[in-house]
Amino acid sequence: MQTDFLVIGSGIAGLTYALKVAQEFPDKKVVVMTKATADETNTKYAQGGIAVVNDLENDSFEKHIEDTLIAGDGLCNEKVVEIVVKEGPDRVNEIIEWGARFDKEKDGDYKLGKEGGHSEYRILHHKDVTGKEMERALIDAVAAQKNIEFIKHCFVIDIITQHHLGYLITKSTPDIECYGVYVLNLETNRIEKIVAKITLLATGGNGQVYRTTTNPSIATGDGVAMVYRAKGRIENMEFIQFHPTALFEPGLKGQAFLITEAVRGDGGILRNKNGEAFMEKYDPRKDLAPRDIVARAIDSEMKKTGTEHVWLDCRHFSKEKFIEHFPNIYEKCLSIGIDITKYMIPVAPAAHYSCGGIKTDEWGRSSVKNLYACGECSSTGLHGANRLASNSLLEAMVFAHRCFIDVKEKVRSVEIKENIPDWNARGTAEPKEMILITQSLKELQLVMSDYVGIVRNDVRLQRAMRRLDLLWEETEQLYQSTSLSTQLMELRNMITVGYLIVKGAAFRKESRGLHFNTDYPGQSELVQNIVL
Ligand SMILES: Cc1cc2nc3c(=O)[nH]c(=O)nc-3n(C[C@H](O)[C@H](O)[C@H](O)COP(=O)(O)OP(=O)(O)OC[C@H]3O[C@@H](n4cnc5c(N)ncnc54)[C@H](O)[C@@H]3O)c2cc1C
């Protein structure tokens with residue numbers, strides 16, 4: 001297949017970009033690919049909302065910029081922060097025009113929520129299922145756009161570069177170019193090549209690298225791993241945000257249910273095993289301190305009291321108001337026997353968001369020519385060492401727009417690359433034992449959770465690296481000798497992502513934002529991004 005515009009990922013980043021490009025070029029085909037169903041994305045699970053300056057009487061761009069910079073702990077790119085905050089309102093108005101609905105007060109003004117690290121009420125939301133509503137609106141708009149071809153259940157394996165034409169490519173090769181991608185069609189089990197003038201990676205996060213995560217199973221860091229293999233630049237991978245309050249369900253495997261920060265914004269109180277409200281010991285902003293501080297405080301209380309969770313107390317809420325704002329959370333808790341008006345909710349931190357990723361400039365261009373990245377898989381400079389709550393949906397929309405602006409002219413000067421070879425699957429056989437993959441995945445998740453979690457130190461990082469080396473070697477052998485499957489490709493990608501997280505963490509000889517190393521509790525004077 002050949003196309004001018006190829007989009008990998010059907011979350012907020014990929015779909016926003018696809019819509020814009022398709023509307024601008026009605027005569028050209030835009031191909032959107034996803035490895036799962038259309039809406040199985042991190043986007044669908046976003047609860048709290050989208051941070052945007054809306055009420056200019058009480059709020060201002062300057063305040064939102066300041067809050068983002070404080071959370072980012074010295075590593076944000078100030079220009080990018082200003083771009084995202086100031087361009088945010090226009091992008092939000094666009095998605096409203098495409099049909100997304102946000103909650104309103106009786107007088108017609110938008111209801112604004114507040115979350116940790118925000119100095120003002122500025123979070124637009126749709127009850128506690130904001131992402132689901134935004135994804136719905138985008139999918140409806142895409143369905144109405146005739147020149148978008150939406151291909152589901154296609155797993156992108158690798159981006160095609162000069163490497164596939166037989167050239168030797170290293171990190172220092174200038175002008176590495178992207179010509180499209182190889183994909184495994186999961187319905188036919190065939191490997192196909194899609195040749196494109198411009199490719200956008202919008203492949204989302206990597207929470208599945210950890211044992212407990214709020215991310216769905218698709219979040220395996222594929223885009224980051226692909227770009228790393230193609231010798232592109234990856235940045236700040238050590239900054240993994242752990243959400244402080246995922247619902248603790250003993251024995252749960254897979255995605256943990258999130259209790260949005262907005263619950264604490266509305267007055268929810270964290271209590272330890274003994275019922276003490278502990279956050280004031282850690283930060284004057286108490287339960288609304290930024291996420292890294294709250295997650296570390298919970299981690300410390302759990303370790304002190306030897307428990308697997310703490311409590312979130314909402315018993316003082318009016319039941320009616322809680323149900324109105326958080327119907328999904330209310331129902332979920334009730335389904336496991338917790339009536340939040342009578343009982344506290346057990347919560348524990350879970351891997352939630354990757355602040356680093358594919359390094360881009362302010363137009364979403366990666367270091368590989370004709371390859372763009374936006375959304376959670378990218379590192380634009382907005383989040384620095386820690387993402388401010390509800391800034392990611394905003395970033396995805398602002399950068400989707402910027403990528404679109406940049407490709408509008410550029411596409412005219414890019415030629416489709418001819419003579420791309422087919423994928424070579426010679427010498428591979430059907431996998432004999434699935435256990436080789438599933439066990440390695442468990443090991444990876446344990447290593448990452450136990451040694452590269454909320455609190456790190458040098459010994460743990462060295463151990464993690466040694467174990468990852470072994471997992472890498474074994475998985476590479478498997479990859480070279482067996483035919484490809486989703487599980488094997490995801491495992492391979494997650495090991496690469498784990499390696500990048502550990503490597504970034506080992507390079508950073510300080511504690512900053514989400515990276516806390518007990519061997520270096522202070523901050524280095526050299527403020528730097530770590531690019532791998
Ligand atoms: C539980 C939860 C709550 C959140 N709450 C908020 C919030 O309130 N506010 C906020 O701003 N942010 C929130 N976030 C973060 C936010 O939802 C994500 O950062 C954002 O939605 C990411 O969008 P995206 O388009 O980059 O990626 P995603 O929405 O994750 O989409 C990724 C897409 O890439 C596809 N893909 C991946 N790899 C491949 C491959 N190899 N081949 C083909 N397709 C592939 C996937 O199938 C999917 O379609 C939350 C996240 C979670 C998990």
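**Close-up views of a predicted model**

**View 1. Asn189 and Asn236, two residues with positive phi.** The place of Asn189 is in the loop between E7 and E8, where helices (H or I, at least four residues) and strands (E, at least two) are DSSP runs numbered from the N terminus. This is a predicted model, in which local features need pLDDT of at least 70 and side-chain atom pairs count only at pLDDT 80 or more, whereas totals for chains, interfaces and linings use all residues. Residues are numbered from 1 along each chain as its sequence is written, and side-chain values use heavy atoms, with hydrogens and water left out. Asn189 is not a glycine, yet has a positive phi of about 65°, and Asn189 is exposed with a relative accessible area of 54% (buried means under 20% relative accessible area, exposed over 50% and partly exposed in between, with a 1.4 Å probe and protein chains only). Asn236, also not a glycine, has a positive phi of about 55°; Asn236 sits in the loop between strand E9 (234-235) and strand E10 (240-247) and, at 3% relative accessibility, counts as buried.

**View 2. The salt bridge between Lys197 and Asp4.** A search of the whole structure finds 42 salt bridges, each defined as a side-chain nitrogen of Lys or Arg within 4 Å of a carboxyl oxygen of Asp or Glu. In this one, the side chains of Lys197 and Asp4 meet at 3.8 Å, N to O. Lys197 belongs to strand E8 (residues 190-201) and Asp4 to strand E1 (residues 2-8), so that the pair links distant parts of the chain, 193 residues apart. Both Lys197 and Asp4 are buried.

**View 3. The salt bridge between Arg122 and Asp59.** The closest N and O atoms of Arg122 and Asp59 are 2.8 Å apart. Arg122 lies in the loop between helix H4 (78-97) and strand E4 (123-124), and Asp59 in the loop between strand E3 (50-51) and helix H3 (61-72), so the pair ties together parts that are 63 residues apart in sequence. Both Arg122 and Asp59 are buried.

**View 4. Aromatic pairs, including Tyr182 with Trp423.** The structure holds seven aromatic pairs (rings of Phe, Tyr and Trp, the last by its six-membered ring, pair if their centres lie within 6.5 Å; planes under 30 degrees apart count as stacked, over 60 as edge-to-face and the rest as tilted). Tyr182 and Trp423 form an edge-to-face pair, 5.2 Å centre to centre with 65° between the planes. Because Tyr182 lies in strand E7 (residues 180-185) and Trp423 in the loop between helix H11 (392-410) and helix H12 (435-451), the pair ties together parts that are 241 residues apart in sequence. Tyr182, at 2% relative accessibility, is buried, whereas Trp423 is partly exposed at 23%. The rings of Phe278 and Tyr282 also form an edge-to-face pair, with centres 6.2 Å apart and planes at 90°; Phe278 is buried, with a relative accessible area of 1%, while Tyr282 counts as partly exposed at 27%. Ring pairs also link Phe317, Phe322 and Phe326 into a cluster.
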